[in-house]
Amino acid sequence: MSSVIIENITKTYEKGIVKALDNVSFEVKSGELFGLIGADGAGKTTLFRILTTLLIPDSGKATVAGFDVIKDLKQIRQIVGYMPGKFSLYQDLSIEENLNFFATVFGTTVEENFELIRDIYVQIEPFKKRLAGKLSGGMKQKLALCCALIHEPKVLFLDEPTTGVDPVSRKEFWEMLGRLKERGITIIVSTPYMDEAKLCDRIALIQNSKILDVDTLEGILTKNKQNLFAVSSDNMYQLLKDLRAYTDAVSCFAFGQHHHLQVKTPTSSDEKLRAYLAHRNHTNVSIETINPDIEDTFIKLMQDA
Amino acid sequence: MLNEEIVIKTNKLTKTFGDFTAVNAISFEVKSGEIFGFLGANGAGKTTAMRILCGLLSPTSGEAMVAGYDVYKENELIKKHIGYMSQKFSLYENLTVRENIEFFGGIYGLSRKELKEKGNDLIGRLGMEKEANKLVGSLPLGWKQKISFSTAILHQPKIVFLDEPTGGVDPITRRQFWDMIYEATDAGITIFVTTHYMDEAEYCNRVSIMVDGSISALDTPHQLKEQFETDSMEGVFLKLARQAKRGE
Ligand SMILES: Nc1ncnc2c1ncn2[C@@H]1O[C@H](COP(=O)(O)OP(=O)(O)OP(=O)(O)O)[C@@H](O)[C@H]1O
Ligand SMILES: [Mg+2]
């Protein structure tokens, strides 16, 4: 059964000049953990706002748990949880007061659904008397998530919940999403962290207001092969410039300890590249043939689009 | 462009809010031309420390010199000699790109003539001629961050402080942003940057990791990985952050 159905949704701003969503269609199954992966301004937030009834599309149709996003506004607002990308809390209320407020609005109590938020809430609980306006960036994200969850929604929309969240908390956060999924909650989450894509059941790649693909991560990786080297040397900044100037290069980007070089010809031999880098006086050169991961793939798709 | 000149020096720098110690006696030095990564878990105290170093918040105790000026007595001078890109707010959404550049350049003390010249030059370099007269609010986040960074270094400060400049920015733009950071260091600007992307920690000359208000480790990425017996900065971070007591 599908929990969210999106059919040919189009949305424009500024009297049609700016296209935010261009004929977007896909379905999210009930109980699925679904990722929305796309660059800044790709249209993710607009889609979230339409699905949570905060914005009306120009054309197209969408339903959430069988309710129509245009006609059944009241029902939808009761059953969805929404964590907007931009900060949504009352700055002049404390952590505790914000949470109580959201619980009351939905006719429930914090105690009743405490199990749902426990893992994240315990991290900010020692500061529960502190005003939201005085929390660090990541602490605010954690509070906003608790507020979106406190009424046990059937469908949860999370717009970049882990932006600004540190690596340890990000891990814990995704473990928590896994447990929410086990309780049968359908989750649609957008993220700028490509490594989080592998934690989703399926993902949609969205670019310039259009859906590029919807599939499992493996499916997307299989469809998008590329010839890729991971290269490092003693002078990484110079290396980046030299690799970009290499004749066989398609593109080159920094990936932490290595640069990923995409080349036109197969990567069966690295002799030519080795000679080129030696000629450019690089020392301690390491070259490895690698398979593209989701970040490589997304960069490639962004460039091709 | 590393040299031995020290541009930031703190000694037991501390900030308390009521009975809560947000920054707990941190001591460290940053050399001119360095890319210094200032890492730590949420709530560790990074933004608070950074705001003190930028002359925006006064410390409770301890010492700090930034660009040769004292954070207690000379915070107005500090503001003139540094650039700052804040975590939350970087540009006015309802001003155009050009207006923002002129506004922030003006704050840093550039003359009207300099603003025009540098503003045009900057818009050209960013390839934003078409967007120059658009409202900033209508632009993608990554673009805003690039404009904001360029604006923060328009007056050629000695040091620029960047508080999570790439948070939420897409993979390509994030890397373009780092290209800009490298260019700035080529021009002799020292970079002080926070990030939660561990691949970006690799691009720093040295990295400090804050835990519960204190600096728990400070070294080159290479040395840190050896010290903590792991092959990635993520590994270093996970090991250190587990020691955190606050919030448990
Ligand atoms: N004005 C204030 N009053 C009370 N507490 C404050 C104030 N400003 C900051 N704090 C507290 O100080 C601690 C450190 O906050 P800070 O913003 O420096 O963290 P951070 O390391 O930048 O975290 P993040 O990675 O989430 O941005 C937090 O517990 C925060 O709530
Ligand atoms: Mg911060």
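View 1. The model is predicted: local features need pLDDT of at least 70 and side-chain atom pairs pLDDT 80 or more, while totals for chains, interfaces and linings use all residues. Residues are numbered from 1 along each chain as its sequence is written, chains are lettered from A and ligands numbered from 1 in the order written, and side-chain values use heavy atoms, without hydrogens and water. Over all chains, a search of the whole structure finds 23 aromatic pairs. In the pair shown, the ring centres of A:Phe114 and A:Tyr121 are 5.8 Å apart and the planes lie at 85°, so the pair is edge-to-face. Rings of Phe, Tyr and Trp (its six-membered ring) pair if their centres lie within 6.5 Å; planes under 30 degrees apart are stacked, over 60 edge-to-face, and the rest tilted.

**View 2. B:Phe149 and B:Phe177 form a tilted aromatic pair.** Their centres are 5.2 Å apart, with 45° between the planes. B:Phe149 belongs to helix α5 (residues 141-152) of chain B and B:Phe177 to helix α6 (residues 171-186) of chain B, 28 residues apart. Helices are DSSP runs (H or I, at least four residues), as are strands (E, at least two), numbered from the N terminus. B:Phe149 is buried at 1% relative accessibility, and B:Phe177 is buried at 2%.

**View 3. B:Arg175 lies over the face of A:Phe255.** The distance to the ring centre is 4.1 Å. In chain A, the charged end of A:Arg244 sits over the ring of A:Phe253, 5.8 Å from its centre. A charge sits over a ring if NZ of Lys or CZ of Arg is within 6 Å of the ring centre and within 35 degrees of the ring normal.

**View 4. Residues from chains A and B surround ligand 1, so the site is shared between chains.** The shell holds 21 residues (a heavy atom within 4 Å of the ligand); the closest are A:Arg130, A:Ser136, B:Lys46, B:Thr47 and B:Thr48. An oxygen atom of ligand 1 is 2.7 Å from an N or O atom in the side chain of A:Ser136. Polar backbone atoms also approach ligand oxygen atoms: that of A:Gly137 at 3.4 Å and that of B:Ala44 at 3.3 Å. On its own, ligand 1 has 640 Å² of accessible area (Shrake-Rupley method, 1.4 Å probe), of which the protein covers 90%.

How values were computed: Buried < 20%, exposed > 50% of the residue type's maximum accessible area, 1.4 Å probe, protein only. Polar contact = N/O pair within 3.5 Å; in protein donor to acceptor, adjacent residues only side chain to side chain.
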